[in-house]
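Please walk through the following model with its computed geometry in view.

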Amino acid sequence: MLSAGFRSDTHLTHIWDGPMNDELKPWSVTASRITYEDRWIRVRSDDCVTADGTVVAPFHVLDYPDWINVIPVMPDGRVLLTREYRHGRGEIVLGLVAGSLEPGDSKTGDAAMAAAQRELREETGYEATTFIKLLTSYPNAASQSNMVTSWLALGLNRAGEPSFDPGEKVELLFADLAAILGELQSGAVIMQSMHVAALYAAESRLRTQASEGLK
């Protein structure tokens with residue numbers, strides 16, 4: 001049988017009390033095939049067997065490229081947000097500069113950072129002198145294979161006009177970070193969950209930097 005991909009989390013035992021469950025094991029994959037593929041997505045259909053022998057077939061995995069999102073912070077402390085139509089919900093949604101890694105991004109040492117720099121320039125026309133990695137997370141580990149890396153962009157300057165993809169139209173908004181988090185908590189604003197996580201990570205990082213700066 002083929003071995004399913006497996007990333008061990010046993011190194012995390014220091015963050016909670018009690019033993020980890022040794023009976024949790026990755027599934028085995030007995031067969032795998034690509035059942036749909038285009039420029040945006042690849043669907044991989046796996047025949048799986050769980051550790052207790054249960055057959056799960058087919059199990060469909062969405063093989064997206066890795067993603068990035070960016071929280072650009074202006075010199076006056078405001079954050080730069082995007083507003084655009086999102087067809088999955090059929091709504092105009094507030095969010096972050098975001099996108100997928102592209103083949104050309106891997107030409108540099110850090111493909112995720114290169115993608116963040118590229119997407120910031122393309123979607124906003126801004127460039128940043130400093131990119132700080134906030135966190136890496138799984139968009140949906142149950143059925144997606146990709147990861148998303150969130151970046152804090154500082155030292156912004158306007159380098160030119162945005163360069164949108166065909167069919168893409170993005171409105172740029174400047175907002176107070178604390179105010180946006182308050183709107184999210186109240187439910188007045190709804191964003192993609194990965195963008196919400198990135199905003200809270202940015203708030204924590206900026207608060208820590210401000211505290212250390214006062215010492």
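Relative accessible area is sorted here with a 1.4 Å probe and protein chains only, so that buried means under 20%, exposed over 50%, and partly exposed in between. The model is predicted, so local features need pLDDT of at least 70 and side-chain atom pairs count only at pLDDT 80 or more, while totals for chains, interfaces and linings use all residues. Residues are numbered from 1 along each chain as its sequence is written, and side-chain values use heavy atoms, with hydrogens and water left out.

With these cut-offs, S28 counts as partly exposed at 22% relative accessibility. S28 lies in strand β2 (residues 28-37), where helices (H or I, at least four residues) and strands (E, at least two) are DSSP runs numbered from the N terminus. From S28 to L134 there are 106 residues in sequence and 33 Å in space, C-alpha to C-alpha.

D46, found in strand β3 (residues 42-49), is buried, with a relative accessible area of 5%. Its side chain makes a polar contact of 3.1 Å with the side chain of R44; a polar contact is a pair of N or O atoms within 3.5 Å, of which, within protein, one must be able to donate a hydrogen and the other to accept it, and residues adjacent in sequence count only if both atoms are side-chain atoms. Leaving aside residues up to four places away in sequence, D46 touches several residues, including V29, A57 and P58, where contact means heavy atoms within 4.5 Å. P58 belongs to strand β4 (residues 55-62), and the peptide bond that leads from A57 to P58 is cis, with omega near -5 degrees. Most residues other than glycine have a negative phi, and most peptide bonds are trans.

The side chain of N146 reaches the backbone oxygen of P65 at 3.0 Å, and a polar contact of 3.1 Å joins it to the side chain of Q144.

The next element is an open sheet of three strands in the order β7-β6-β11, with antiparallel pairing. Because β7 (91-95) and β11 (171-175) stand at the edges, each with a single partner strand, one side of each is left without a neighbour in the sheet. The twist averages 30 degrees from one strand to the next, with axes being lines fitted to C-alpha atoms, for helices over the stretch in contact, and angles running from 0 to 180 degrees between N-to-C directions. Strand β6 (residues 79-86) pairs with β7 over five bridges in the antiparallel sense, given that two strands pair if DSSP finds at least two bridges between them. Within this pairing, R83 stands opposite L94 in β7, and E84 stands opposite V93. Four residues separate the strands of this hairpin, in which G90 takes a positive phi near 65 degrees.

A pocket is an open set of points, on a 1 Å grid over the protein atoms alone, with protein on both sides within 12 Å along at least five of seven lines, and lining residues have an atom within 4 Å of a point. The largest pocket is lined by 41 residues, of which W40, R86, A98, G99 and S100 lie nearest its centre.

Technical notes
1 Å grid on protein atoms, 1.4 Å probe; cavity = no way out; pocket = protein on both sides within 12 Å on 5 of 7 lines; lining within 4 Å.
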